Amino acid sequence: MKIWLPDSLYRVKPLLLMLSGAILLVVTSSAIATIFACACLGYGTWIIVVRMMWSNTGMLKTRVGSRMAGEQKTHYVDM
């Protein structure tokens with residue numbers, strides 16, 4: 001779901017999460033920070049796995065294909 005990131009950053013979000021988790025693991029030795037870093041690594045990995053599963057099942061459409069396929073889905077109401 002794209003809520004808080006533009007499209008270009010949406011694609012690299014899992015990599016940024018995993019990178020920040022790895023940096024946090026290296027930099028700090030606190031238990032809370034380690035748990036948060038592991039959560040970042042796990043969530044980033046989960047996003048990548050889910051996107052790979054979606055791409056293999058054909059559920060995702062490219063933007064070019066969705067723009068070219070059919071007409072616009074605009075609803076008109078006669079008043």
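Figure 1. Cys 40 is buried, at 8% relative accessible area, where buried means under 20%, exposed means over 50% and partly exposed is anything in between (1.4 Å probe, protein chains only). Cys 38, at 45% relative accessibility, is partly exposed. How many disulfides does the chain have? The count is 0, taking a disulfide as a pair of cysteine sulfur atoms within 2.5 Å.

A quick word on the model: it is predicted, so local features need pLDDT of at least 70 and side-chain atom pairs count only at pLDDT 80 or more, while totals for chains, interfaces and linings use all residues. Residues are numbered from 1 along each chain as its sequence is written, and side-chain values use heavy atoms, with hydrogens and water left out.

**Figure 2. The whole protein chain, for orientation.** Reading along the sequence gives α-α-α, that is, 3 helices and 0 strands; helices (H or I, at least four residues) and strands (E, at least two) are DSSP runs, numbered from the N terminus. Of its 79 residues, 15% count as buried. The chain exposes about 7000 Å², and carbon and sulfur atoms supply 69% of that (Shrake-Rupley areas with a 1.4 Å probe; for residues, only the protein chains shown count as cover). Look at contacts with a separation of 6 or more, and 46% of them join residues 24 or more positions apart; a contact means heavy atoms within 4.5 Å.

Figure 3. Ile 23 belongs to helix H1, which covers residues 7–27. At 47% relative accessibility, this isoleucine is partly exposed. Ala 37 is 14 residues away along the chain, and the two C-alpha atoms are 8.2 Å apart.

**Figure 4. A close-up of the nonpolar surface patch.** Leu 9, Val 12, Leu 15, Leu 16, Ile 48 and Met 52 make up this patch, with about 500 Å² of accessible area together. To join a patch, a residue needs over 30% relative accessible area and no salt bridge; nonpolar side chains (Val, Leu, Ile, Met, Phe, Trp, Tyr) are joined within 5 Å, like charges within 9 Å. A salt bridge here is a side-chain nitrogen of Lys or Arg within 4 Å of a carboxyl oxygen of Asp or Glu. Which helix gives the most? That's H1, with 4 residues, though H1 and helix H2 (31–57) each supply at least two. Ile 48 has its place in H2 and is partly exposed, at 32% relative accessible area.
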